[in-house]
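Please have your viewer open as you read.

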Amino acid sequence: MKVLLLNHSDLPIPRQFLHRGLDKLFTFKSSPKITPLASLQKTLKKQEAMTVVFMNVADMKKLNKRYRGLNKPTDVLSFSSSAPGYFGELVIASQIAKKQ
């Protein structure tokens, strides 16, 4: 799968962090109790591309308000796509992710 990485945050994003995180997403062995993750992994394997966007907390707060009606930042938002072969976007607040 091709992954387009965009960094719109104030922090540099280490490549090893990205590779480790994406590798875990695709290879994590979930228990039957974690069916959403297993479902996500099946969906990802069928896709050709996705976008991962790192963003600052202020911009993440704006997105969260616009799309979820919550006037506070969140760590991750995902946006699916109906385009064939394209999974969609995963938006990560880098400062929040760093703390976690």
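Contact here means heavy atoms within 4.5 Å. Axes are lines fitted to C-alpha atoms, for helices over the stretch in contact, and angles run from 0 to 180 degrees between N-to-C directions. Helices (H or I, at least four residues) and strands (E, at least two) are DSSP runs, numbered from the N terminus. With that in hand, helix 3 lies across strand 2, strand 3 and strand 4, and runs at about 50° to strand 3.

A word on the source: this is a predicted model, in which local features need pLDDT of at least 70 and side-chain atom pairs count only at pLDDT 80 or more, while totals for chains, interfaces and linings use all residues. Residues are numbered from 1 along each chain as its sequence is written, and side-chain values use heavy atoms, with hydrogens and water left out.

**The sheet**

The chain has four helices and four strands, following the pattern β-α-α-β-α-β-β-α along the sequence. Two strands pair if DSSP finds at least two bridges between them. The four strands form an open sheet in the order 1-2-4-3, with mixed pairing. Strand 1 (2–8) and strand 3 stand at the edges with a single partner strand each, so one side of each has no neighbour in the sheet. On average, neighbouring strands of this sheet are turned by 15° against each other, direction ignored. The pairings are listed here.

| Strands | Sense | Bridges | Residues standing opposite |
|---|---|---|---|
| Strand 1 and strand 2 | parallel | seven bridges | N7 and F54 |
| Strand 2 (49–55) and strand 4 (86–93) | parallel | six bridges | M55 and A93 |
| Strand 3 (76–80) and strand 4 | antiparallel | five bridges | S78 and L90 |

The hairpin of strand 3 and strand 4 has five residues between the strands, and G85 takes a positive phi near 85° there. P84 also sits in the loop between strand 3 and strand 4. Is P84 buried or exposed? Buried means under 20% relative accessible area, exposed over 50%, and partly exposed in between (1.4 Å probe, protein chains only). At 81% relative accessibility, P84 counts as exposed. From C-alpha to C-alpha, P84 and E48 are 8.7 Å apart in space, although 36 residues separate them in sequence.

**The cores**

A nonpolar core is a set of buried Ala, Val, Leu, Ile, Met, Phe, Trp, Tyr and Cys residues joined through side-chain atoms within 4.5 Å. The largest has eight residues: V53, M55, M60, L63, L77, V91, A93 and I96. Strand 2, helix 3 (57–68) and strand 4 each supply at least two residues of this core. A second, separate core of six residues includes L18, M50, V52 and F54. Leaving aside neighbours within four places in sequence, L77 is in contact with M60, L63, N64, R68, E89, L90 and V91.

Of the chain's 100 residues, 28% count as buried. Among contacts with a separation of 6 or more, 55% come from residues 24 or more positions apart.

A salt bridge is a side-chain nitrogen of Lys or Arg within 4 Å of a carboxyl oxygen of Asp or Glu. By this rule, the count comes to one salt bridge. D59 forms a salt bridge with K62, and their closest N and O atoms are 3.9 Å apart. Being three residues apart in helix 3, D59 and K62 are separated by about one helical turn. D59 is partly exposed at 28% relative accessibility, whereas K62 is exposed, with a relative accessible area of 58%.
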